[in-house]
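Hi,

Here is the structure I said I would pass on.

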Amino acid sequence: MTHAPFVRRAALFVAAIGAALLSACSPARLLDRAVPQDTYDFKGDVAYGPAPRQRLDVFRPLPAALPAAGRRPLVVFFFGGAWTTGDRAGFRFVGEALASRGAVVVLPDYGLSPAFRYPVFVQDSALAVKWALDNAARLGADPKQVYVMGHSAGGYNAAMVALDDRWLGAVGASPKQLAGWIGLAGPYDFLPIENPDARIAFDWPATQPESQPIGHVSAAAPRTLLMAVSKDTLVNPVRNTRQMAERLRAAGVDVEVREFDNLGHVTLIAAVAKPLRWLGGPVLPPIVKFLGLP
């Protein structure tokens, strides 16, 4: 009984975080007060292209957390929001979580619908990854340890950059330069489109079939970590995560799958934040391990 007030407060806090992540409201307003600000070095508002949305933030480990040379990953993280909402400022908790463990983290914005539609957000994502590949060594990371990672719509962006060589190829790079990709509750096979926002973002019903990541799986795909929740009501984990894993394994790709029964679509990513790591996970440890960090 003595824990009941804490449980109620925690539930309300998690609900508020979920509402913020699913709306245009930035969860940073709620999480920033509890997420440490002295566990990383920060440089914000860096241009990776000429457009207003082509900006990124960089989170670097402090000297005490810096891994040995050759084990210094760089992670490009793409936020979700149905390709219509969100910005990098709302996901500082992801940068803190990984930078405090020894990774350099790049958080880019990208063009959002309805102003921009497919494939603009994929093109922006590829350009941000190209920037990361070009600047990894300067940032203290190993250029051979660059990963792409995303949640929900951002997981789609990461998958397209990692699996479809058209996008990195267009900017003078290649998925072969990636050490791996991480998808959290990403939509990888979602035709016909039911989500109204996604219909606009992909010009449904004139959506290009090649817009689906699952159609680009090949033996050349980077090693993969897929994470999902079993009761996800927004992105079907069977059709997307499990089916993607099966397709990757059939192609001979090294893939790991983690599925959680006691998290939701939103709390899957929120659980990497230090104040919320007690939630039904653990979510962060498999990511850290996949990156080769202690």
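Below is what I found, one region at a time. Keep in mind that this is a predicted model.

**Strand S3**

Let's start with S3. How many of the five residues of S3 are buried? Five of the five are, so the strand is largely enclosed by the rest of the structure. In a regular strand, the side chains alternate between the two faces of the sheet. You can follow that in S3: Leu 74, Val 76 and Phe 78 sit on one side, Val 75 and Phe 77 sit on the other, and all of them are buried, so both faces are covered. S3 pairs with S4 in the parallel sense, over three bridges.

**Salt bridges**

The structure holds 11 salt bridges, and I'll go through three of them.

Take Asp 109 and Arg 88, whose closest N and O atoms are 2.6 Å apart. Which parts of the chain does this pair tie together? Asp 109 lies in the loop between strand S4 (104-108) and helix H4 (120-135), while Arg 88 is in the loop between strand S3 (74-78) and helix H3 (92-99), so the bridge joins parts that are 21 residues apart in sequence. Both partners fall under the 20% cut-off for buried: Asp 109 has a relative accessibility of 7%, and Arg 88 has a relative accessible area of 12%. The two also belong to a network of salt bridges that links Asp 45, Arg 55, Asp 57, Arg 88 and Asp 109.

Next come Arg 166 and Asp 164, again with 2.6 Å between the closest N and O atoms. Are these two buried or partly exposed? Asp 164 is buried, with a relative accessible area of 3%, whereas Arg 166 is partly exposed at 35%.

**Helix H8**

That brings us to H8 itself, which covers residues 238-250. Its buried residues are Asn 240, Thr 241, Met 244, Ala 245 and Leu 248. What covers them? The cover includes helix H5 (153-163), along with strand S6 (178-184), strand S7 (224-229) and strand S8 (255-260). Just after the helix, look for Gly 252, which takes a positive phi of about 85 degrees.

**The largest pocket**

Last, the empty space. Rolling a probe the size of a water molecule over the atoms shows where such space is left. The largest pocket holds about 700 Å³. It is lined by 30 residues, and the closest to its centre are Ser 152, Pro 187, Asn 195, Leu 234 and Val 235. Which elements give two or more residues to this lining? They are helix H1 (4-22), helix H7 (196-201) and H8. By type, the lining divides into 15 nonpolar, 11 polar and four charged residues.

Cheers

Terms used. Residues are numbered from 1 along each chain as its sequence is written. This is a predicted model: local features need pLDDT of at least 70, side-chain atom pairs count only at pLDDT 80 or more; totals for chains, interfaces and linings use all residues. Side-chain values use heavy atoms; hydrogens and water are left out. Buried means under 20% relative accessible area, exposed over 50%, partly exposed in between (1.4 Å probe, protein chains only). Helices (H or I, at least four residues) and strands (E, at least two) are DSSP runs, numbered from the N terminus. Contact means heavy atoms within 4.5 Å. A salt bridge is a side-chain nitrogen of Lys or Arg within 4 Å of a carboxyl oxygen of Asp or Glu. On a 1 Å grid over the protein atoms alone, a cavity is a set of points where a 1.4 Å probe fits but cannot get out, and a pocket is an open set with protein on both sides within 12 Å along at least five of seven lines; lining residues have an atom within 4 Å of a point. Grid points are joined across faces, edges and corners, and a volume is the space filled by probe spheres set on the points. Ala, Val, Leu, Ile, Met, Phe, Trp, Tyr, Cys and Pro count as nonpolar, Asp, Glu, Lys and Arg as charged, and the others, Gly among them, as polar. Two strands pair if DSSP finds at least two bridges between them.
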